[in-house]
Amino acid sequence: MAEIHLTDLTKSYGPTEVLHHIEGHIQDGEFIVIVGPSGCGKSTLLRMVAGLETVSSGEIRIGERRVNELEPSERDIAMVFQNYALYPHMSVRANMAYGLKIRKLSQAEINRRVEEAADILEIRQYLDRKPRQLSGGQRQRVAMGRAIVRDPQVFLFDEPLSNLDAKLRVQMRLEIRKLQQRLGVTSIYVTHDQVEAMTLGDRLMVLNGGYVEQFGTPIELYDRPASIFVAGFIGSPAMNFLPAEVKDGSVVLSNGVIIPVESPKEANVTLGIRPEHLQPEPEGAIALQVEMVEQLGANTLLHGTLQGTDKALTASVAGHATYENGEFVNFSAPASMLHLFDPETESRLEL
Ligand SMILES: Nc1ncnc2c1ncn2[C@@H]1O[C@H](COP(=O)(O)OP(=O)(O)OP(=O)(O)O)[C@@H](O)[C@H]1O
Ligand SMILES: [Mg+2]
């Protein structure tokens with residue numbers, strides 16, 4: 001097991017810099033998720049840690065060692081890919097044993113490790129099958145097994161669940177989390193799925209256009225997003241953003257609605273409020289004109305606009321509720337649940 005230090009890490013392809021000054025300290029045994037939209041640089045960063053991409057500038061340390069110049073095989077890591085990358089002509093057992101054979105471990109040790117990993121993953125009965133005789137979930141387990149037998153210092157995962165159907169993804173997600181807790185191996189996991197990121201990670205590194213927007217626990221990101229980007233990316237349905245002004249100790253919305261806050265500063269702001277923090281209240285100041293209702297069973301989503309404006313507004317209310325299109329529904333918003341952002345820099349403003 002090992003800590004990982006990423007220091008002022010940059011990656012360029014030709015003249016184009018795709019990762020900019022990445023900083024991060026990953027603790028021994030920690031499960032880190034790198035999350036962000038397509039093309040933000042997640043795989044590139046992971047592949048740099050793996051040694052599959054060169055480092056343009058900066059440093060990667062795994063444990064005590066600077067690994068920039070080390071081959072992938074010298075880094076003591078194991079990687080699990082989206083497409084599993086199993087050898088089709090080899091049995092499950094041979095697939096799992098392959099890396100160990102290359103490292104010239106004894107046959108007895110190879111058998112011991114493969115069978116132990118197969119038991120952990122509950123795939124012992126498939127050891128003599130070929131990959132094509134397995135379901136997607138079972139193949140995913142074999143790919144995990146191949147990583148486990150290596151007994152590495154670090155696991156690296158690149159979207160390992162994205163070929164699975166929704167239900168199996170949720171199941172495998174829990175299994176990966178349990179497995180990582182049991183083995184205690186430092187892990188970096190890449191996904192573009194914010195729910196997967198929130199449920200798996202001890203901490204999340206949110207990447208946007210090659211920059212780290214925020215690096216924190218799921219709850220820190222949810223409660224105190226550092227930017228409009230993080231605020232809109234974490235949480236579903238996404239946070240509402242409304243143009244507003246802070247003056248005389250209040251937030252004033254564009255339709256004149258006033259919400260008291262404890263802020264002495266006067267400024268134009270972007271007000272952020274999560275749909276689940278709008279509380280239905282007949283006297284509430286925030287009126288939503290309903291355009292569409294989504295019944296999700298456990299809760300009901302109201303989509304529409306802020307009264308008197310064309311600003312989109314979504315509210316999530318608990319349980320079943322019936323609303324008519326065109327109807328006005330009033331909400332209040334506790335000041336402690338409001339987020340304020342600078343409309344220019346898109347950074348969080350402290351109240
Ligand atoms: N070999 C390459 N040469 C030039 N540009 C590249 C190369 N590999 C990746 N890029 C660029 O680097 C950026 C980051 O790519 P990367 O694959 O890391 O994104 P990602 O976050 O993993 O996206 P996705 O979620 O789609 O997998 C992209 O703009 C991509 O076009
Ligand atoms: Mg990728």
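Me: Is I102 buried or exposed?
Reply: I102 is exposed, with a relative accessible area of 52%. Keep in mind that this is a predicted model.

Me: OK, and where does I102 lie?
Reply: I102 is part of helix α2, which covers residues 92-102.

Me: Which residues form the nonpolar patch on the surface?
Reply: Y87, Y98 and I102 form that patch, and together they have about 270 Å² of accessible area.

Me: Let's zoom out. How many helices and strands are there in the chain?
Reply: The chain has eight helices and 21 strands. Its C-alpha atoms fill a box of roughly 75 × 45 × 35 Å, taken along the principal axes.

Me: What percentage of the residues is buried?
Reply: Buried residues make up 50% of the 351 residues in the chain.

Me: Now the ligand. Which residues are around ligand 1?
Reply: They are Y13, V18, P37, S38, G39, C40, G41, K42, S43, T44 and E159. By type, that shell divides into four nonpolar, five polar and two charged residues.

Me: Which element gives the largest share of that shell?
Reply: Helix α1, residues 42-50, gives the largest share, with three residues.

Me: Which side chains have an N or O atom at 2.8 Å from an oxygen atom of ligand 1?
Reply: K42 has a side-chain N or O atom 2.8 Å from an oxygen atom of ligand 1, and S43 has one at 2.8 Å from a ligand oxygen too. As for Y13, an N or O atom in its side chain is 3.4 Å from a nitrogen atom of ligand 1.

Me: How much of ligand 1 does the protein bury?
Reply: Taken alone, ligand 1 exposes 640 Å², and the protein buries 56% of that.

Me: Switching to salt bridges. How many are there in the whole structure?
Reply: A search of the whole structure finds 19 salt bridges. One of them joins the side chains of E69 and R66, at 2.8 Å from N to O.

Me: Are those two buried or exposed?
Reply: E69 counts as exposed at 56% relative accessibility, while R66 counts as partly exposed at 38%.

Me: Which residues are in a network with them?
Reply: E59, R61, R66 and E69 are linked in a network of salt bridges.

Me: What about R112 and E116, how far apart are they in helix α3?
Reply: They are four residues apart in helix α3, so about one helical turn separates them. R112 is partly exposed, with a relative accessible area of 45%, and E116 counts as partly exposed at 46%.

Me: Which residue does D202 meet in a salt bridge?
Reply: The side chain of D202 meets that of R177, at 2.7 Å from N to O. D202 lies in the loop between α6 and β9 and R177 in helix α5, so the pair ties together parts that are 25 residues apart in sequence.

Me: And is R177 buried or exposed?
Reply: R177 is buried, because its relative accessible area is 16% and the cut-off for buried is under 20%. D202 has a relative accessible area of 28%, so it is partly exposed.

Me: I'm looking at T186 now. Where is it found?
Reply: T186 is found in strand β8, residues 186-191. T186 is buried, with a relative accessible area of 0%.

Me: What does its side chain reach?
Reply: The T186 side chain reaches the backbone oxygen of A2 at 2.6 Å. A polar atom of the T186 side chain also lies 2.9 Å from the backbone nitrogen of G29.

Me: What's phi for D76 and for E122?
Reply: Phi of D76 is near 60°, a positive value in a residue other than glycine. For E122, phi is near 55°, again positive in a non-glycine residue. D76 lies in the loop between β5 and β6, and E122 is found in the loop between α3 and α4.

Technical notes:
Residues numbered from 1 in each chain as written. Chains lettered and ligands numbered in written order. Predicted model: local features only at pLDDT ≥ 70, side-chain atom pairs only at ≥ 80, totals over all residues. Heavy atoms only, no water. Near = heavy atom within 4 Å. Polar contact = N/O pair within 3.5 Å; in protein donor to acceptor, adjacent residues only side chain to side chain. Areas by Shrake-Rupley, 256 points an atom, 1.4 Å probe, with all protein chains shown as cover. Helix = DSSP H or I, 4+ residues; strand = E, 2+ residues; numbered from the N terminus. Nonpolar A, V, L, I, M, F, W, Y, C, P; charged D, E, K, R; others polar. Patch = residues over 30% accessible without salt bridge, like charges linked within 9 Å, V, L, I, M, F, W, Y side chains within 5 Å. Salt bridge = Lys/Arg side-chain N within 4 Å of Asp/Glu carboxyl O. Buried < 20%, exposed > 50% of the residue type's maximum accessible area, 1.4 Å probe, protein only.
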